[in-house]
Amino acid sequence: MSAPILSARGLKKSYGGVRALRGMDIDLAEGEIHGLCGENGAGKSTLVKILGGLVEPDEGELGIGGMQVELGTPVDPALLSIVHQELSIIPHLSVLDNVMLGARDVGRIYRRGPFRAHVRQVLDSVGLEHVSLDVQAETLPLAERQLIEIARGIARGARVLLLDEPTATLSDGEIEKVFAVMRRLKAEQGTTIVIISHRLNEIFALTDRVTVLRSGQHVMTANTAELTNARLVEAMIGHELQTGEIAPSQAREGVAPRLSLTGWSLPGRFASLELDVQPGQIVSLVGQLGSGADTLLESLAGLHPARGALSLDGKAATPRGIAEAYAAGIAYVSEDRAKRGVFLEAAIGTNLVSQILDRVSRNGWMVSSDVRERATQLAQNFAIDPARLPHDVSTLSGGNQQKVSLGKAAALGPRLLLLNEPTRGVDIGARAEIYAQLRRLAEADGLTILFYSTDLEEVLDASDRIVTFYRGAMVRDALRPQMDADAILHDILHGPDTPNTEAAA
Amino acid sequence: MSAATLSRTSGFGGLFAPARVQATVIQIATVVMFLAACAFIENFASASNISSILYAASTVGIAAVGLASVTISGNLFALSLGSTAAFASIVYIAASGWGVLPALAASVALGLVFGLLQGLVVGWLRCNAIISTIAAGSLIAGLATWVSDGRTVLAEGGPSWLGSGTLIPGVPWQAVLFLLIVIVGEVLMQRTRAGWELRLRGTNPDAAELAGLRVTRMVVLSYVLAGAGAAIAGALIAAQSGTGNLRVGADLDFSAIAAMLVGGVAIGGGRGRIIDVASGTLFLAVLTNILLVNNFAYEVQLMVKGLAVLVAVTAGALLARKKR
């Protein structure tokens with residue numbers, strides 16, 4: 001390997017008593033795509049922030065392009081640029097202004113003229129030839145906004161691009177676009193790209209080398225081609241994954257459906273459809289953004305005023321609001337964990353019982369023994385340490401927060417559980433625990449679970465049955481063994497083959 | 001182990017957990033300041049001075065407890081407390097012929113109605129909490145002026161037990177009422193389902209809504225409590241002075257906000273307890289009294305109060321940042 005473009009030695013950082021990084025070394029070769037893997041809390045984001053100069057480490061040194069960098073001060077964007085996990089696009093500004101945001105060579109007065117040609121060229125290079133410079137960013141789909149964010153890094157001529165989960169909010173079709181851009185950048189401009197992702201298939205599809213972090217320490221760096229999925233997972237979690245792929249149960253013949261939809265539609269979002277789901281079945285609704293699959297899931301929880309009839313165990317139960325859904329035995333878990341899923345600033349125990357307050361109180365008074373008992377039981381079911389019940393949810397990692405979010409919905413003892421992106425941003429260990437608990441609920445309690453996911457791996461691992469959507473219409477409804485990744489991608493990217501397939505009009 | 005155990009870390013460490021630091025510091029500071037003043041300031045510990053501290057604390061404190069339910073439920077402040085108190089003082093005096101308790105009940109009923117109306121506007125119609133309560137304040141002040149013709153109403157007969165009576169020398173009945181309200185408020189907030197829902201709504205309104213909590217009812221309830229608190233404060237001031245007019249409660253809004261924030265209730269909602277409101281109230285009352293006894297002018301007292309709130313808000317912001 002020639003001299004590395006970026007070289008960090010002995011980076012250490014503690015937040016309060018928590019040691020986020022305990023002596024991290026990393027070298028990046030010029031023109032490579034380098035994956036950073038690790039469970040939540042492994043220190044990936046801290047590392048990225050230190051490399052970008054957003055966080056000052058307690059110890060360590062960093063060299064970029066052969067120069068020693070002053071730590072804790074923002075790095076020259078011409079050397080290194082970060083594309084953040086949360087989109088930092090300003091919706092009301094034009095595409096041009098968004099790309100120029102934070103550029104250093106603008107001068108005291110911002111005149112757009114001199115930069116137009118350059119920005120145009122950069123946008124073309126990331127596949128945004130069709131996007132005008134002057135259109136407002138909010139009018140663009142999520143994937144194109146993410147590309148604009150990457151364009152910002154390129155426009156500054158960054159030799160190193162750090163991407164912190166650039167695909168977490170994108171659907172598979174859009175992810176392919178982003179990947180194509182990254183491969184071209186590497187090939188044509190020799191840009192070094194670091195990517196953090198929880199989706200291991202992305203790591204294998206895209207990267208040249210992988211560095212694994214665990215508990216703030218460097219575990220290994222290896223050529224991706226020499227790695228297997230199992231070996232990577234083992235390095236990330238420190239032991240072999242216990243559960244592996246969960247064997248999907250088969251649909252049973254002659255069982256009355258738990259959920260039955262007839263003529264269920266939401267004009268403009270999804271066309272009228274029929275669906276029967278048996279007790280104990282886990283069904284994934286798959287589709288890109290705008291396919292209507294996510295809206296369908298939300299409408300079952302009464303979050304959209306859909307037309308048609310919904311019945312549970314043969315009884316009409318169309319919910320006209322979330323409260324009615326809960327009362328009917330339908331529980332819903334939001335995809336937006338921090339904003340709508342959990343109470344971050346409340347105790348874990350409080351969160352777990354927050355949806356069953358009526359059952360742990362008597363005549364309006366909380367019964368502390370019931371609260372403790374229920375919270376402890378739920379914590380155990382979802383592999384949350386009961387000793388942490390009095391602590392705020394915000395002290396947990398993303399994966400454990402998601403377990404709380406699921407636990408508080410499962411507490412209701414629903415007959416139908418609706419999950420929107422059940423494991424977004426959740427590391428692989430916690431994912432397996434969540435799938436195992438969902439499977440237990442389905443098998444032991446006969447709970448019917450419907451989930452929407454943009455993560456193909458998850459769809460294939462966790463469902464008994466897969467229903468695909470394309471532009472507001474159902475494309476295919478098939479049992480898991482009859483589906484594979486290619487079939488799903490085909491359905492959600494291209495829709496039905498001929499007008500005569502089973503797609504509902 | 002109590003129901004509150006799940007919402008805070010218990011034991012000594014819990015007192016200094018990031019969420020509780022400010023409240024604990026203020027509690028300790030209040031006690032230290034009080035003991036130091038007793039030791040070093042002549043006549044500070046006299047029954048008459050203690051009683052004047054408690055009079056000031058009781059009215060502001062009761063209004064602040066009511067206000068805290070609005071803040072903790074996540075709706076920042078109600079800015080109609082002063083005019084509600086003023087109207088309530090007029091009603092109290094006008095009804096004082098019926099006796100102390102009926103007059104107090106009439107004032108409280110007025111506060112409940114005004115609180116309910118504001119609660120419906122904010123909770124049900126989902127109007128902006130600050131603007132709605134400022135508008136309501138103006139409306140209530142206008143109504144009070146219209147009803148009283150802008151004049152001061154005078155009570156008939158001598159001072160009542162509520163106005164100047166004491167349980168023991170130095171401890172007026174008003175302070176006993178304040179203590180009762182704090183205890184009841186604290187217990188309701190920590191131990192009832194409604195209290196939990198109200199606090200959860202404050203930490204995250206969207207999540208509370210999606211979790212199916214009774215958010216609209218809780219928001220309405222919080223304004224009802226705030227209205228009642230302000231009305232009781234107005235009635236107590238009227239009982240002390242034997243007069244009811246529009247100037248009663250002139251600085252009640254800010255005093256109540258100050259007491260609550262200094263005590264450690266978070267502006268953003270969800271964090272803070274009713275006992276924190278009490279300690280914040282007492283802290284400011286003792287501090288103001290020390291300045292008063294040392295002959296500092298009113299403007300100095302105002303500046304000190306303003307400074308105390310700024311320090312409290314800054315400390316809250318810094319603690320919040322440290323947690324991130």
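This note comments on a predicted model, in numbered points.

1. Conventions. Residues are numbered from 1 along each chain as its sequence is written, while chains are lettered from A and ligands numbered from 1 in the order in which they are written. Because the model is predicted, local features need pLDDT of at least 70 and side-chain atom pairs count only at pLDDT 80 or more, whereas totals for chains, interfaces and linings use all residues.

2. Overall form of chain A. Chain A holds 16 helices and 22 strands (DSSP runs numbered from the N terminus: H or I of at least four residues for helices, E of at least two for strands). Its radius of gyration is 24 Å, close to the 23 Å of the globule rule for 505 residues, so chain A is as compact as a globular protein of that length (taken over C-alpha atoms; the rule is 2.2 Å times the number of residues to the power 0.38). Of the 505 residues, 49% count as buried (20 or more other C-beta atoms, placed from the backbone, within 10 Å of the residue's own).

3. Strand β6(A). L80(A) and I82(A) point one way from β6 (residues 80–83) of chain A, S81(A) and V83(A) point the other way, and all are buried. In a regular strand the side chains alternate between the two faces of the sheet. β6(A) pairs with β7 (residues 160–164) of chain A in the parallel sense over four bridges (pairing requires at least two DSSP bridges between the strands). I82(A) stands opposite L162(A) in β7(A).

4. A four-stranded sheet. The strands of an open antiparallel sheet in chain A follow the order β12-β11-β14-β15. β12 (270–277) and β15 (315–316) of chain A are at the edges with a single partner strand each, so one side of each has no neighbour in the sheet. Five bridges join β11 (residues 259–266) of chain A to β12(A), and L259(A) stands opposite V277(A) in β12(A).

5. Helix α14(A). The 18 residues of α14 (residues 428–445) of chain A should span 26 Å at 1.5 Å a residue, and the end C-alpha atoms are 25 Å apart, which agrees (the expected span is 1.5 Å times one less than the number of residues). Its buried residues include I428(A), I434(A), L438(A) and L441(A). G446(A), with a positive phi near 65 degrees, follows α14(A).

6. Contact between chains. Chain A gives 29 residues and chain B 24 residues to the contact (C-beta atoms, placed from the backbone, within 7 Å). Elements giving two or more residues on the chain A side include α9 (322–328) and α12 (368–381) of chain A.

Conventions:
Two residues are in contact if their C-beta atoms, placed from the backbone, lie within 7 Å. A residue is buried if 20 or more other C-beta atoms lie within 10 Å of its own, exposed if 12 or fewer, and partly exposed in between; C-beta atoms are placed from the backbone.
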